[in-house]
Amino acid sequence: MDVAEKLLQSYARIDEDKDGRIWSWELLNTLGRAGIMPDDPRVRAALDGVRDAAGRPAITPYSQPVQIDFDTFAEVAQHAVIQRTLTGELAVPADEFEEFAHAVERIHTDLLDERSGAPADYIPTLRDADPEKFGIAICTADGQVFSIGDTADEFSVQSTSKPFSYAIALEQLGAEEVHRWIGQEQSGGPFNDPLLSLGRDGRPHNPMINAGAIGTLALVDSGKGLSDRLTTVQGAWTAMTGDRPQLHGPTFAAERDTGFGNVAFANALAKSGKLYGAGPTDRRAPEDATEFYTMVCSLTMNTERLARAGATLASGGVAPLSGKQVFSPETAARVLSVMGHSGMYNDSGQFSNQVGLPAKSGVSGNVLMVVPSKRMAVVVFSPRLDAVGNSVRGVEVCKRLVNEFGLHPYGSMGGERGRVAAHQIGGHMNEADKRAEAASAADRALGGVARAGSGTAAKGAGTDGSGVAVTTADPQRAGTTVRRSGQPGQQL
């Protein structure tokens, strides 16, 4: 079936009364159910191209609805993402995406009462974070988005910057040169352990620990001033997310003033000749390297934008909204590989066993998980951390999604992916929920977090979220976003 025939079928499905015309809100709702929201710049561009006789935009998301004939519908569908939505060719099919969104919403509700752990307390901006904040956002390679909770709230990206700093270094210098200075192995200990951070050759074990991230950023724009180097990093984030992250001054100042361990790492790298660009008598080099690292960790992010960055990795380095190739597929693969074995501090092995997907966390309470098989990223924001510095709710969200949807790459060899009914809450379990409960029981037997309630996952590890993006049938608010609110000692 060619594209024209698929568009005709899509139009016929929307035109339920078969009068040959559809309302603009019906089109926007169709897109929204697939995760392509009205505020998506690609949707705005497509709608802006449709003009009335006076040359004015004929369709705007939040104005009086208008009726559309098939010719106008086909004109809007010339834009790639809308055509893929209407012809069923998105990264995640619309019905599957809607199902996934329902599961995320249910998990968010289930975990609102989870209050284990505590925010990081080594600097004021982390210590004073509202521990009740909780948001979850998902984004696919095609820019399909669903978010719930506090997803618009800003936080410092902290250690979740490390995979992206590694990607920038790989793009600038290539893998061979980068790994002359930075290793690719697990450290076997905490991210800031001075005894386990450097190998026998003086290299940091990997880019996901503090010493490795400092050494990695030393490779980026080496020889330029800190302002220019920070601009390069901000530019990469802007290319991935569509928004420029800002440096949060109070976080930067506090982390710089308390970052004695990070200064020690930079000095150790310089002493062993493994701090790129540092000469034997360059006393400023370790200080500059630490300051640059601290700047990057202090960049602001929110759950929705971080999910776009994760989706960039999930799609082989292509940004979900712009379609720009930010990183090469090889770079994206290398980054995901290291995240897979070293992204969750010294719980990385346990996380890999229970979840099996690439992930990275930050002490501000964010967790980024990439689902390569679905070309999708999941981000949670929730400031309460467990003993190793991972968001309690964040980890639990990842575990539940993997269990409920069979996403662990080795978890159900040959098994069919379970689907969770959108209406299923509490005791009425369908087959997917029964499988999830069985997985939870196995998790408990293996020492996982204890679960509470029928068909619900553990109250122990978690993550935080943000605002919910839901599509409404209200013609005046079609596809609009509705927001619902719902300890370690060193920065990651």
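## Helix H18

Helix H18 (residues 392–405) contains 14 residues and spans 20 Å from its first C-alpha to its last, close to the 20 Å expected at 1.5 Å a residue. The expected span is 1.5 Å times one less than the number of residues in the helix. Helices (H or I, at least four residues) and strands (E, at least two) are DSSP runs, numbered from the N terminus. The structure is a predicted model, in which local features need pLDDT of at least 70 and side-chain atom pairs count only at pLDDT 80 or more, while totals for chains, interfaces and linings use all residues. Residues are numbered from 1 along each chain as its sequence is written, and side-chain values use heavy atoms, with hydrogens and water left out.

H18 is largely enclosed by the rest of the structure, because 13 of its 14 residues are buried. Buried means under 20% relative accessible area, exposed over 50%, and partly exposed in between (1.4 Å probe, protein chains only). At the N-terminal end, Ser-391 caps H18, with a side-chain oxygen 3.0 Å from the backbone nitrogen of Gly-394. After H18 comes Gly-406, whose phi is positive, near 60°.

Strand S7 (residues 359–362) includes Ser-361. In a regular strand the side chains alternate between the two faces of the sheet. Both faces of S7 are covered: Ala-359 and Ser-361 on one side are buried, as are Lys-360 and Gly-362 on the other. S7 pairs with strand S8 (residues 366–371) in the antiparallel sense over 4 bridges; two strands count as paired if DSSP finds at least two bridges between them. Opposite Lys-360 stands Leu-368 in S8. The hairpin of S7 and S8 has 3 residues between the strands, and Gly-365 takes a positive phi near 110° there.

Ser-361 counts as buried because its relative accessibility is 0%. Its side chain makes a polar contact of 2.5 Å with the side chain of Asn-390. A polar contact is a pair of N or O atoms within 3.5 Å; within protein, one must be able to donate a hydrogen and the other to accept it, and residues adjacent in sequence count only if both atoms are side-chain atoms. Ser-361 and Ser-159 are 202 residues apart along the chain, yet their C-alpha atoms are separated by 6.3 Å.

## Aromatic rings

The whole structure holds 7 aromatic pairs. Tyr-11 and Phe-70 form an edge-to-face pair, 5.4 Å centre to centre with 85° between the planes. This pair links distant parts of the chain, since Tyr-11 lies in helix H1 (residues 3–14) and Phe-70 in helix H4 (residues 70–76), 59 residues apart. Rings of Phe, Tyr and Trp (its six-membered ring) pair if their centres lie within 6.5 Å; planes under 30 degrees apart count as stacked, over 60 as edge-to-face and the rest as tilted.

Tyr-11 is buried, at 6% relative accessible area, whereas Phe-70 is partly exposed, at 25%. Together with Phe-73, these two residues form one aromatic cluster.

## Thr-85 in helix H5

Thr-85 belongs to helix H5 (residues 80–86) and is buried, with a relative accessible area of 10%. A polar atom of its side chain lies 2.8 Å from the backbone oxygen of Val-81. Beyond residues up to four places away in sequence, Thr-85 touches Thr-30, Leu-31, Ala-34, Ile-36 and Leu-90, where contact means heavy atoms within 4.5 Å.
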